[in-house]
Amino acid sequence: MLSRKFEYLRISVTDRCNYRCSYCMPSEVFNNNYSYIAQNKILSYEEIIHLCSILKTIGLRKLRITGGEPLLRKNIDKLVYKLKTESGIDNVSMTTNGSLLTDSKLKQLKSSGLDSITLSLDTLDPKKTTKINGTKKHFDLDMVLTGIEKYFTTVKTNTVVIKDINDNEVLDIVNKISTLRSEIRFIEYMDVGESNDWNFSKIIPSQELYELINSKYELSAIKTDKSSTSKKWALKNTSSSVGFISSITEPFCNDCNRARLSVDGKMYTCLFATEGHDIKKIIRKNQSDQAILDYFYNLWSKRSDRYSEVRFMQKKDSPKVEMSYIGG
Ligand code: SAM
Ligand code: SF4
Ligand code: SF4
């Protein structure tokens, strides 16, 4: 067993998305025949707020709302507001593909108390966007970037780098985003779920990206939390930093302080888990707060997952769950 502090929960509020990124929800799998979680099985906002209020008593202080595409869920700002005011969570953030962000949506999210937005941005090239995520409808990226900066001060971006798909755009992305106050992150393509066509040859190790960016910008290390998933560097003469999530080449399981709550209320202690713990069942049985807490505490204290550290050693048993369901 690894003794790890619990303080961070990522919640998938929907398993649906208006995009079909090839590395996450490829259109061949997520088509009209795909069975999404039924409405009555999805955790309600009241259930999420109740659970988070309970988990706050044992250290929960950071929440990320994700999915699927979280902005597809109705009145998401109301959930944020209650997580901040009723559950008392210090930091509530959201990861989004940005396609549904307008100035008024950003303003509404800011007023609800949302602390930050991370925008997933894999390419600056509209043609490539269609190739990567299947959509022919493009949003106004500059409007979204300046809107995020206007309401949330810092623009945070995530880029999943895939060999021969967008690895040639890394410097262009840094050039563009570092003109804003920003935190730019590059993520190694991960073998989450069973739908994508991941294989090791598609990975660009973070070290290579570091060297590439350092050849143009002077990078200086920024001290990060032990539990942080990314290593961060400041870009000289800018108000920006660049970070790398190196789940494949430099796993960080030992300091993993996060749990994940799926759309249908299953708690997962690892992104690569094959099975979750049905905490919704306990909540819907109207059990006491203490019983819910005991259930969580029991599963958290027993966790021993370290998938990224043993990725290439273990034999596959059951299928891994999809990122959109468990929350990326
Ligand atoms: N739809 C929202 C979005 O795209 O920002 C939120 C959900 S998405 C699953 C959350 C994050 O997971 C995104 O930044 C996405 O790039 C990342 N992601 C999805 N599949 C991935 C994979 N196989 N490897 C690495 N990151 C992945
Ligand atoms: Fe949708 Fe986000 Fe997955 Fe892309 S990464 S398919 S935008 S959930
Ligand atoms: Fe945490 Fe699992 Fe990722 Fe390791 S592989 S860092 S345990 S989520």
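Visitor: Which exposed residues are carried by the face of α4 turned away from its buried side?

Guide: They are Lys-127 and Lys-131. The model is a predicted one, in which local features need pLDDT of at least 70 and side-chain atom pairs 80 or more, while totals for chains, interfaces and linings use all residues. Residues are numbered from 1 along each chain as written, chains are lettered from A and ligands numbered from 1 in written order, and side-chain values use heavy atoms, without hydrogens or water.

Helix α4 spans residues 126-133 (helices are DSSP runs of H or I, at least four residues; strands are runs of E, at least two; both are numbered from the N terminus). Its buried residues are Lys-128, Thr-129, Ile-132 and Asn-133 (buried is under 20% relative accessible area, exposed over 50%, with a 1.4 Å probe and protein chains only). These four lie on the same side of α4 because they cover an arc of only 110° around the axis, taken from the directions from axis to C-beta atoms. Lys-127 and Lys-131 sit on the face turned away from that side.

At the start of α4, a side-chain oxygen of Asp-125 comes to within 2.9 Å of the backbone nitrogen of Lys-127. Just after α4, Gly-134 has a positive phi of about 80°.

Strand β11, residues 266-268, is joined to β12 by 2 bridges, and the two run antiparallel. Lys-266 has Asp-278 of β12 as its bridge partner.

Strand β10 covers residues 258-261, and Arg-258 is found in it. The relative accessible area of Arg-258 is 9%, so this residue is buried. Along the sequence, Arg-258 and Tyr-8 are 250 residues apart, yet in space their C-alpha atoms are 4.6 Å apart.

Technical notes. A polar contact is a pair of N or O atoms within 3.5 Å; within protein, one must be able to donate a hydrogen and the other to accept it, and residues adjacent in sequence count only if both atoms are side-chain atoms. Two strands pair if DSSP finds at least two bridges between them.
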